[in-house]
Amino acid sequence: MSVGYQVTSDHQLARLLQIGIVLEEVVEARAYHHYDELDEEELDEEIRDLLSHAAEESADHRSRLEAVIDRLDVDSVPFEEIEALVEAQYGQTKPEDFDGVLYDQLCNEETAYKFYDDVIEAIEASDAQFTIDREELVTTLAAIRDEEEAGVEKVTQIMEERE
Amino acid sequence: MNTADQYVKAIYLLQEMENGPAATGALADMMDVSPASANEMIGKLESRGLAEHEKYKGVTLTDDGIIRARDALQTYCIIERFLANVLDVEEFRAEARELEPVIDGMIADRLDTIIDRNSECPDCFDPETDACEYLDVCGVEAETETEAAD
């Protein structure tokens, strides 16, 4: 991230959180897609659990981000349409192999972790007043970031065990 | 994308527009910084082997600098296209510039999976209109929309 980048308004903050929601949509869609497309042999119980947990966690993160946006002074974005677009995009993707699933999950978790970490840094660098309490905002985003970090560790552990 | 990447991208676009070295003043204008700040960053880019500066002529990217600039431009194109086509943001250029520092290549790669980008990217980026020439905004191509606004 650029040194000194700051989030300076409700509008800018909402836009970043909307991007977070789309990233979560992508994680959820990819997890379900892997779950549906891979056969029983490739998808053992541990991977199945990992994917369902990832999808559930992303849905939960989305609703937490949406709750924050609802409290900001901004126009809403039609997320149903975006959800449909993401699903349509992944519906066309060919099934990937087993290593691809784990690697893909690792990329998902790492990307999300990096994104929330950058957003928190940009909020903390700013002295702007948001409609939502800053401390509450940072606490919410830090909790989501920490869950993504735990996700990175979990996938890494599974990958190492299977080497 | 970090500050150095934003600078190499700006130098690349100025070189394309001028068909030669980028003038320091033009670079400072494009980055909305003072000429002294632009000079300081040019020095850093030189020390990293990304650019070469010649007095009275301007700054030119090295081969490594061009690779970095094209990657940064591609990230920028993804942000613009994502804002315009997925989030339906009317002021997508201004917002892309605002968001550019906080969206790095890894995040842009994820956003790229849900947009339809031209295979020529980033060569189809038009520095004059600050948008991809194929970017379709509400059924009107970006270039046409800008011309109409002028």
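Two strands count as paired here if DSSP finds at least two bridges between them. Helices (H or I, at least four residues) and strands (E, at least two) are themselves DSSP runs, numbered from the N terminus. On that basis β1(B) and β2(B) run antiparallel, with 4 bridges joining them. The two strands make a hairpin with 3 residues between them, and Tyr56(B) in the turn takes a positive phi of about 70 degrees. Across the pair, Glu54(B) sits opposite Gly58(B) of β2(B).

This is a predicted model, with local features needing pLDDT of at least 70 and side-chain atom pairs counting only at pLDDT 80 or more, while totals for chains, interfaces and linings use all residues. Residues are numbered from 1 along each chain as its sequence is written, and chains are lettered from A and ligands numbered from 1 in the order in which they are written.

Taken as a whole, chain B comes to 7 helices and 6 strands, running α-α-α-β-β-α-α-α-β-β-β-β-α from the N terminus on. Its C-alpha trace spans about 45 × 35 × 25 Å along the principal axes.

Now for α1(B). Just after the helix, Asn19(B) has a positive phi of about 55 degrees.
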